[in-house]
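Let's walk through this model together, one region at a time. Keep the viewer open and follow along as we go.

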Amino acid sequence: MSRLKRYSKSAKAYARACQYLVGGVNSPVRAFDAVGHRPLFIHRAKGSKIYDIDGNKYIDYVGSWGPMILGHGNHKVLKAIKTAADNGTSFGAPTLAETELARRIINAFSSIEKVRLLNSGTEAAMTAVRLGRAFTGRDLIIKMSGCYHGHCDSMLAAAGSGLATYSIAGSAGVPDEFAKLTVVVPYNDIAALEDAFNLYKRKIAAVIVEPVAANMGVVPPAKGYLDAIRNLCSQNSSVLIFDEVITGFRLAPGGAQQLFGMQADLTCLGKIAGGGLPAAALGGRAEIMDMLAPIGPVYQAGTLSGNPVAVAAANTTLSILTEGNSYERLDASAAILEKGFTEAAEAANVALTINRVSSIMSCFFLDKPVKNFTDVQSADSNRFKRFFAEMLKHNIYLAPSPYEAIFLSLAHTKEDIEETIDAAYKSMCTLTGHNG
Ligand SMILES: *Cc1c(COP(=O)(O)O)cnc(C)c1O
């Protein structure tokens with residue numbers, strides 16, 4: 001079927017959406033700009049499958065950008081949502097289920113003693129930064145280039161031309177005065193981090209990092225990198241913030257901290273921790289967390305924070321996920337997918353580097369290791385575009401950007417994985433003109 005016909009309802013829906021919604025979408029990456037395609041409008045999703053309004057069915061590797069680790073429409077989660085909604089969708093007053101969710105998070109993360117529930121990962125990072133500043137009485141924050149921490153002003157900073165220069169705003173509308181308070185260093189670069197600490201001495205309030213970077217594609221920490229960050233923060237009395245919005249409950253119940261045996265001071269959670277509804281959390285050492293209002297001087301609030309419907313979805317998701325052998329199963333499926341893609345690339349004669357940590361992985365079209373954002377940017381983005389479009393033709397729904405991960409869920413079957421590997425081989429063959 002022609003591309004025009006196959007996606008005709010989505011194309012019409014997009015044109016109409018563009019009349020009323022800015023850019024037709026409510027979050028930029030959904031616009032498919034990076035892959036030169038138009039967005040698909042989704043009708044429904046179940047298990048590992050997602051269905052567009054033209055009636056096409058895809059194996060979904062986006063999983064709402066991470067939250068849907070159980071797959072779509074898990075019946076226990078849906079039941080919990082319905083039961084909670086029947087009792088009222090929002091009270092603006094405390095409920096038992098919020099304490100239950102906080103307890104689950106504290107049980108999973110040995111570094112977390114107290115929790116604040118919020119609505120989004122952006123809020124978690126924003127609040128963590130504010131707490132880091134209040135706790136230390138300092139202003140500067142260090143972040144790593146290519147790591148994403150949501151869209152609050154101080155996290156939208158980009159590296160200047162060198163370490164000694166201050167950062168520049170990473171978005172219009174962010175005053176350079178704000179950006180100057182964020183020092184940006186390359187990921188996986190211990191020397192650059194040491195230089196920053198030496199240069200700014202005791203002015204660094206906090207370091208915020210994705211312990212496994214997953215917003216420039218998946219880039220794992222080099223051996224010793226996280227330990228070095230931990231040590232520099234401790235030596236300089238700076239707060240270490242792990243942004244585990246993707247990795248929390250994804251790599252292990254206790255996230256990257258459990259996987260690598262690390263302890264952050266503050267941990268940002270979202271995505272899976274919200275069970276597919278808008279909920280997120282910030283947790284950490286009691287001495288820092290207790291600086292939040294109402295008992296401390298740091299203000300933070302939310303009309304819908306700890307929303308009963310979202311919290312019910314979160315509690316049920318985390319309870320299903322952390323029982324049995326979920327993480328072994330996720331890792332096993334992802335390992336098969338990785339091996340299949342590697343073999344497909346070899347057979348199709350395509351240069352491909354795959355980074356995988358547990359159930360998140362990324363494919364970079366280049367022939368060298370990918371350790372930081374500069375490496376990521378040197379991959380062949382045209383190849384990714386064509387690969388994306390070919391995979392879509394074969395009914396595989398990948399994230400529409402080379403900077404995103406492939407997210408596996410517990411609902412992906414052996415057959416799904418085999419079908420995906422087959423599609424990857426055929427798609428890669430079209431990239432090189434190889435006779436697949
Ligand atoms: C998605 C994400 C955020 C932002 O979360 P939202 O809920 O989209 O605001 C922050 N940090 C990381 C690491 C993320 O992946």
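Strand 2 and strand 3 (residues 57-60) run antiparallel to one another and are joined by 3 bridges. Strands here are DSSP runs of E with at least two residues, helices are runs of H or I with at least four, and both are numbered from the N terminus. Two strands count as paired if DSSP finds at least two bridges between them. Within this pair, Ile 50 sits opposite Tyr 58 in strand 3.

Before going further, a word on where the numbers come from. This is a predicted model, in which local features need pLDDT of at least 70 and side-chain atom pairs count only at pLDDT 80 or more, while totals for chains, interfaces and linings use all residues. Residues are numbered from 1 along each chain as its sequence is written, and side-chain values use heavy atoms, with hydrogens and water left out.

Back to the sheet. Strand 1 (residues 42-46) pairs with strand 2 (residues 49-52), again in the antiparallel sense, over 4 bridges. Here Ala 45 is the residue opposite Ile 50 in strand 2. The hairpin of these two strands has 2 residues between them, and Gly 47 adopts a positive phi near 60° there. Stepping back, 4 strands make up an open sheet with mixed pairing, in the order 1-2-3-15.

Now for the ligand. Which residues surround the ligand? They are Ser 120, Gly 121, Thr 122, Tyr 148, His 149, Gly 150, Glu 210, Asn 215, Asp 243, Val 245, Ile 246 and Lys 271, where a residue is near a molecule if one of its heavy atoms lies within 4 Å of it. By class, this shell holds 3 nonpolar, 6 polar and 3 charged residues. In that scheme Ala, Val, Leu, Ile, Met, Phe, Trp, Tyr, Cys and Pro are nonpolar, Asp, Glu, Lys and Arg are charged, and the others, Gly among them, are polar.

Look next at the oxygen atoms of the ligand. One lies 2.7 Å from a side-chain N or O atom of Thr 122, and a backbone N or O atom of Gly 121 is 2.9 Å from a ligand oxygen. For Asn 215, an N or O atom in the side chain is 3.0 Å from an oxygen atom of the ligand. On its own the ligand has 380 Å² of accessible area, and the protein covers 82% of this; such areas come from the Shrake-Rupley method with a 1.4 Å probe.

Some loops deserve a visit too. Ser 154 lies between strand 5 (140-145) and strand 6 (157-158). Ser 154 is buried, at 11% relative accessible area; buried means under 20%, exposed over 50%, and partly exposed in between, with a 1.4 Å probe and protein chains only. Beyond its neighbours within four places in sequence, Ser 154 contacts Val 129, Arg 133 and Thr 182, contact meaning heavy atoms within 4.5 Å.

Finally, some backbone geometry to check. Most residues other than glycine have a negative phi, and most peptide bonds are trans. Trp 65, in the loop between strand 3 and helix 3 (75-86), has a positive phi near 75°. The peptide bond from Ala 293 to Pro 294 is cis, with omega near 15°.

Conventions
A polar contact is a pair of N or O atoms within 3.5 Å; within protein, one must be able to donate a hydrogen and the other to accept it, and residues adjacent in sequence count only if both atoms are side-chain atoms.
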